Amino acid sequence: MSTLIVARWTLLEAVRRRLVLAAVLLSAAFVVLFAVAFSILYGRARSVEDPDGVFLVFAGTLQTVLGLYAVQFLAAFLALLLSVGAISSEVESGTLHAVLARPLRRSEYLLGRWLASAGLLAGYVTVMATSLLLVARVVAGYQPVDPVRAVLLMVLEAVLLLTVGLLGSTFLPTLANGVVLFSLFGLAWMGGIVEFVGDTVGNQTMVDLAVAVSLLFPSDAIWRAASYYLQPPTFLGVAVSRGGIPFASLTPPTAALLAWALAYPAAALLGALRTFARRDL
Amino acid sequence: MEAAPALAGAAGVAAIELAGARKAYGDRVALHGLDLRVEQGEVFGFLGPNGAGKTTAMKILTGLVRASAGVARVLGRPVGDPAARRRIGYLPEHFRFQEWATGEELLDLHGRLAGLPAARRAARVAEVLELVGLAGRGRQRIRSYSKGMTQRIGLAQALLAEPELVLLDEPTSALDPVGRREVRDLIRELRGRGVTVFLNSHLLGEVELVCDRVAIIDQGRVVRGGRLAELVGPATALRLLLDRVDEYLLGALRRLGQVRSVEGVAVTLQVDDLDVAPAVAECVVRSGYRLFELAPVQRSLEEVFVDLVHGGDR
């Protein structure tokens with residue numbers, strides 16, 4: 001019950017601080033921009049001489065995946081902004097004291113914040129990804145492997161960042177937590193690039209290194225899992241022999257990766273509950 | 001406020017009980033085994049210089065800080081127990097609230113968390129806003145409130161769920177003299193309804209005016225506690241107001257007591273027994289001086305305080 005009260009309060013805060021309004025307006029602008037650019041570029045690709053149709057599939061896929069790659073970045077930053085100071089800034093300013101003196105457990109407070117923020121992120125990712133995929137479908141008849149799975153995985157990536165950010169905010173000052181989380185996200189991104197290059201040039205050390213990084217922080221690995229489901233089967237069939245997109249995966253995620261991607265935020269949430277429950281305010 | 005809170009506490013159950021409560025932050029010890037008992041229905045003043053551990057003790061009582069050792073109970077239950085916290089109102093020291101919310105929204109949140117049903121909540125929100133002098137301001141954002149108004153909304157928040165125990169950490173620090181008097185009246189009204197008030201303050205005059213009992217703490221220990229009258233002790237000095245003061249007069253007065261201070265035509269005379277007062281008057285008049293005032297002087301709480309503690313702001 002208290003969890004839902006706190007979740008409602010968190011949503012009210014997001015509305016009052018104009019976070020929702022800003023997100024809606026900017027997202028609308030982003031979708032419009034994507035639609036215009038996609039239509040123009042796809043129209044041009046159509047006029048290129050392309051006997052087997054591979055170029056057109058490649059153009060459509062590249063643009064769609066690139067657009068969703070941008071959505072993934074936006075969602076990650078939103079998760080970062082929502083979480084890095086969620087607890088710490090309220091502890092620092094003292095606004096939490098009166099609230100936590102009420103008959104609610106700290107775990108209920110933390111879960112309420114987590115729930116509301118995760119809901120906001122899920123809504124954001126779903127709306128944005130669906131809009132982009134719809135544009136691609138209408139303009140280019142784009143049919144990804146499994147859009148539902150793709151969106152779920154993108155939400156999972158945002159929730160991973162959110163949860164690790166919340167964990168950090170239970171014991172780190174806001175700025176330090178932001179630096180840590182941003183660095184982890186950047187490191188994971190770099191790891192993904194290293195893996196792609198390692199694969200391309202056939203260097204096992206680079207691949208191993210990248211796997212280690214994705215174990216340390218699986219944000220990019222989860223994106224790559226999502227990206228597989230975002231590409232159409234026709235593209236995947238051709239790309240296996242001709243090479244794919246640097247920031248997308250040509251193979252479906254392994255069960256081990258999915259297990260890790262779920263266990264990681266779950267462990268972070270448990271850690272956050274534990275640290276927060278013990279903290280002196 | 002119409003409905004008096006139901007005092008569910010069994011007889012003999014202390015409102016606040018601290019026994020050997022200790023708190024250390026690393027090497028720094030904030031509380032060295034604090035012992036304190038506040039009975040239900042009392043207005044209790046908790047005094048001490050800055051850094052003495054007052055706020056730490058209060059945070060232990062609200063469950064915000066965990067004691068390193070010792071016993072801490074409120075209303076007969078261990079601190080942090082949700083059932084006990086339901087019956088407590090708390091105004092934190094720096095009274096910072098979510099500034100993006102309106103006063104009513106803040107109170108609504110606290111009412112929900114305290115488990116007040118919707119209809120009761122709406123009624124109570126209006127009542128406490130009125131009570132703290134913020135009627136008509138509830139729809140404004142807290143961001144637009146003055147410091148005094150923010151402290152008032154904090155008080156409203158503390159009183160919202162009709163608590164049996166109210167913990168007020170420096171409740172008047174941002175208020176002007178009129179606001180301070182209003183808060184004193186409010187505290188007296190709470191006492192009238194049987195509510196226990198635990199008041200943390202370094203405005204000693206204020207504490208003197210409303211508290212039944214006080215405890216003075218310094219460096220994490222209670223250095224003196226008791227009823228206010230016991231603490232300040234009986235009057236042991238007389239204050240005289242005369243037409244003139246000279247060495248001859250002082251010589252005469254020194255035979256009756258010890259001259260503690262002379263300020264213009266006012267003399268403070270330390271005596272063993274206040275019964276000497278008529279003799280003092282007679283001596284003064286017989287010697288040809290005119291006496292305008294002769295009154296016993298009580299030690300103020302401030303004097304007791306300054307004698308006991310080691311100076312603040314460390």
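Residues are numbered from 1 along each chain as its sequence is written, with chains lettered from A and ligands numbered from 1 in the order in which they are written.

Chain A averages a pLDDT of 93, with 100% of its residues scoring at least 70, and chain B averages 88, with 95% at that threshold. Over residues 1-9 of chain B the pLDDT is below 50, although this stretch has 14 contacts in the model beyond near neighbours in sequence; two residues are in contact if their C-beta atoms, placed from the backbone, lie within 7 Å. Where pLDDT is low, the predicted coordinates should not be read in detail. For the complex, the predictor gives an ipTM of 0.89 and a pTM of 0.87.

Turning to chain B, we have eleven helices and 14 strands, and a C-alpha trace that spans about 75 × 45 × 40 Å along its principal axes. Of the 314 residues of chain B, 41% count as buried, meaning that 20 or more other C-beta atoms lie within 10 Å of the residue's own, again placed from the backbone.

What does chain B present to chain A, by class of residue? In all, 25 residues of chain B are in contact with 19 residues of chain A, and H3(B) gives the most to that side of chain B, with four residues. By class, the side has twelve nonpolar residues, seven polar and six charged, counting Ala, Val, Leu, Ile, Met, Phe, Trp, Tyr, Cys and Pro as nonpolar, Asp, Glu, Lys and Arg as charged, and the others, Gly among them, as polar.

Finally, the largest nonpolar core has 152 residues, and those with the most contacts inside it include A:Val125 and B:Val197; such a core is a set of buried Ala, Val, Leu, Ile, Met, Phe, Trp, Tyr and Cys residues joined through C-beta atoms within 7 Å. Its largest share, 17 residues, comes from helix H6 (residues 106-140) of chain A.

Terms used:
This is a predicted model: local features need pLDDT of at least 70, side-chain atom pairs count only at pLDDT 80 or more; totals for chains, interfaces and linings use all residues. Helices (H or I, at least four residues) and strands (E, at least two) are DSSP runs, numbered from the N terminus. A residue is buried if 20 or more other C-beta atoms lie within 10 Å of its own, exposed if 12 or fewer, and partly exposed in between; C-beta atoms are placed from the backbone. pLDDT is the predictor's confidence in each residue, from 0 to 100.
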